Amino acid sequence: NDAVAIVITRSLEDYETKQLETHDKSAAFTAILMAILYFVFVFGASFLVGSIIAIINALLTKFTKIKDLPQLESSLLILMSYSSYLLAEMLSLTGIVAALFCGICQAHYTYNNLSEESKAITRQFFSVLNFIAENFIFLYVGVSMFVDRDHQFDLPFIVGSFIAIIIGRAANIYPLSFLLNQ
């Protein structure tokens, strides 16, 4: 969801920039069509970049003797994942989508080619990284609520947001749970 939202946001920002540059209101349909095509292109190309990097890494771990060096093997997995992000960003694509699909492909292919020691190292590394990143985000959001002096708290908006979230969740969870239980 996050990756799709990022790509759509970037597409809409580019659409808005082009609209402001051309000042042509009659070309709205063409601009919307171009935004959709841009979204498909960016998402598809990012998917390809991430998948190709993962396939290269899977082939490297399968057909080389890198299993003799578990730390290097784990480092290769981590650095190849990051390189998919960097390559996509360098190509003006979305690195989040590239890293997402690189991770999906590596979890399916590359991870199974790793030695047992490398699997343990990689699993522990990503577990620690996940824990650190999650805590950092929550701390950052929590601290920013109290540090930013320009916050304007609107109680009706906050209450309305909570009510909308609860109604939205109920409208999704209960019908889908009913269907799944059938």
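A: Let's begin with what makes an aromatic pair: rings of Phe, Tyr and Trp (its six-membered ring) pair if their centres lie within 6.5 Å, and planes under 30 degrees apart count as stacked, over 60 as edge-to-face and the rest as tilted. Phe39, Phe43, Phe47 and Phe101 form one aromatic cluster. This is a predicted model, where local features need pLDDT of at least 70 and side-chain atom pairs count only at pLDDT 80 or more, while totals for chains, interfaces and linings use all residues. Residues are numbered from 1 along each chain as its sequence is written, and side-chain values use heavy atoms, with hydrogens and water left out.

Searching the whole structure turns up six aromatic pairs. One of them joins tyrosine 82 and tyrosine 85, whose rings are stacked at 6.2 Å centre to centre with 10 degrees between the planes. These two tyrosines both belong to helix H3, three residues apart, or about one turn of the helix (helices are DSSP runs of H or I, at least four residues, and strands are runs of E, at least two, numbered from the N terminus). Tyrosine 82 is partly exposed at a relative accessible area of 48%, and tyrosine 85 is partly exposed at 29%; here buried means under 20% relative accessible area, exposed over 50%, and partly exposed in between, using a 1.4 Å probe and protein chains only. In another pair, phenylalanine 136 and tyrosine 140 have ring centres 5.9 Å apart and planes at 25 degrees, so they count as stacked. They sit four residues apart in helix H5 (residues 116-147), about one turn of the helix, and both are exposed.

Setting aside residues up to four places away in sequence, methionine 145 touches His151 and Phe153, where contact means heavy atoms within 4.5 Å.

The structure holds one. Glutamate 116 makes this link with lysine 119, and their closest N and O atoms are 3.7 Å apart. Glutamate 116 is exposed at 59% relative accessibility, whereas lysine 119 is buried at 13%.

Glutamate 73 is buried but has no salt bridge: lysine 67, the nearest side chain of opposite charge, is 5.1 Å away. For charge, Lys and Arg count as positive and Asp and Glu as negative, while His and the chain ends are not counted. The side chain of glutamate 73 does have a polar contact of 2.5 Å with the side chain of serine 118. Such a contact is a pair of N or O atoms within 3.5 Å; within protein, one must be able to donate a hydrogen and the other to accept it, and residues adjacent in sequence count only if both atoms are side-chain atoms. Not counting residues up to four places away in sequence, glutamate 73 touches several others, among them Thr61, Ile66, Asn113 and Leu114.

Two serines are worth a look as well. Serine 46 lies in helix H2 (residues 28-63) and is buried, at 0% relative accessibility. Its side chain reaches the backbone oxygen of valine 42 at 2.7 Å. Leaving aside neighbours within four places in sequence, serine 46 is in contact with Leu93, Thr94, Val97 and Ala98. Serine 92 is in the loop between H3 and helix H4 (95-113), and its phi is near 60 degrees, a positive value in a residue other than glycine.

Finally, what about the cysteines? The structure holds zero disulfides, a disulfide being a pair of cysteine sulfur atoms within 2.5 Å. For cysteine 102, the closest cysteine sulfur is that of cysteine 105, 7.3 Å away, which is too far for a bond. Cysteine 102 is buried at 0% relative accessibility, and cysteine 105 is buried at 16%.

How values were computed
A salt bridge is a side-chain nitrogen of Lys or Arg within 4 Å of a carboxyl oxygen of Asp or Glu.
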